[in-house]
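Subject: Structure handover

Hello,

Please find the structure below. My notes on what was found in it follow directly after.

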Amino acid sequence: MTNWKEFADAAPRIFAIFNRRHAATGNLCMLATLRADGYPRISPMEPRAFEGEMWIGGMPDTTKFKDLARDPRFCLHTATVDTHVSDGDAKLWGTVRNVQDEALHQRFANKLFEDTGFDLRGEKFDPFYAAELTGASAVEMNDSHMDVIVWKPGAPEYVVRKH
């Protein structure tokens, strides 16, 4: 499994598309988890990159975090409203691990406050999920074709061109 920093180094094209789309939507993504009955759940959320990891954080006791506590698999998709996907989109998938490190939580809260004004300083984060990536893909539109870029750990990105 691969952390955010390793992903950035291994899959630079998908990483760039993800970051572009993530920023364009005000950090909004759609998180897919598995419900207790096995059906998928889609939830809006705002993942944040910090100290070489992608953090899947948010309000405690939400159903999406109960899903992840039961089954750590997820898919994260950059939000889009463009049916032509002219600015691309990206999907990441993998598992999460709950990181209980209060010093890290406070550094994260300080950076969040500095960046957004949202104040979680002094709060304990439980859960505080780091994404461990097991794959990613992205779409980029060009004049006459669409490129689907695919990546899995241990291999370079490759492109499937569709006309």
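Glu53 is buried, at a relative accessible area of 11% (buried means under 20% relative accessible area, exposed over 50%, and partly exposed in between, with a 1.4 Å probe and protein chains only). The residue belongs to strand E4; helices (H or I, at least four residues) and strands (E, at least two) are DSSP runs, numbered from the N terminus. The side chain of Glu53 makes a polar contact of 2.9 Å with the side chain of Arg97. A polar contact is a pair of N or O atoms within 3.5 Å; within protein, one must be able to donate a hydrogen and the other to accept it, and residues adjacent in sequence count only if both atoms are side-chain atoms. Leaving aside neighbours within four places in sequence, Glu53 is in contact (heavy atoms within 4.5 Å) with Asn3, Trp4, Arg48, Arg97, Ala130, Ala131 and Glu132.

On provenance, this is a predicted model, in which local features need pLDDT of at least 70 and side-chain atom pairs count only at pLDDT 80 or more, while totals for chains, interfaces and linings use all residues. Residues are numbered from 1 along each chain as its sequence is written, and side-chain values use heavy atoms, with hydrogens and water left out.

Two further buried residues have contacts listed in the same way. Thr95, in strand E6 (residues 89-98), has a relative accessible area of 17% and is therefore buried. Not counting residues up to four places away in sequence, Thr95 touches Met1, Pro72, Arg73, Phe74, Ala130, Ala131 and Glu132. Pro72 is 23 residues from Thr95 along the chain, and their C-alpha atoms are separated by 4.9 Å. Arg21, in helix H2, is buried with a relative accessible area of 9%. With residues up to four places away in sequence again not counted, Arg21 touches Thr78, Ala79, Thr80, Asp87, Gly88 and Asp89.

Next, the helices. Helix H4 covers residues 102-116, and at 1.5 Å a residue its 15 residues should span 21 Å; the end C-alpha atoms are 21 Å apart, which agrees. The expected span is 1.5 Å times one less than the number of residues. Leu104, His105, Phe108, Ala109 and Leu112 are the buried residues of H4. Seen down the axis of H4, they fall within an arc of 135°, so they line one face of the helix; the arc is that of the directions from the helix axis to the C-beta atoms. They pack against strand E3 (48-50) and strand E4 (53-56). After H4 comes Gly117, with a positive phi near 85°.

In helix H3 (residues 63-70), the residues Lys64, Phe65, Asp67 and Leu68 are buried. Viewed down the axis of H3, these fall within an arc of 150°, so they line one face of the helix. Their cover includes E1, strand E2 (40-45), E4, strand E5 (73-78), E6 and E7.

The largest pocket holds about 620 Å³ of space, and 23 residues line it, with Gly57, Gly58, Met59, Phe118 and Leu120 nearest its centre. H4 gives the largest share of this lining, three residues.

Most residues other than glycine have a negative phi, and most peptide bonds are trans. Asn27, in the loop between helix H2 (12-24) and strand E1 (29-34), has a positive phi of about 80°. Asn27 counts as partly exposed, at 22% relative accessibility. Glu51, in the loop between E3 and E4, has a positive phi near 50°, and is partly exposed with a relative accessible area of 46%. A cis peptide bond joins Asp126 and Pro127, with omega about 10°; Pro127 lies in the loop between H4 and strand E7 (129-141).

Regards

Terms used. On a 1 Å grid over the protein atoms alone, a cavity is a set of points where a 1.4 Å probe fits but cannot get out, and a pocket is an open set with protein on both sides within 12 Å along at least five of seven lines; lining residues have an atom within 4 Å of a point. Grid points are joined across faces, edges and corners, and a volume is the space filled by probe spheres set on the points.
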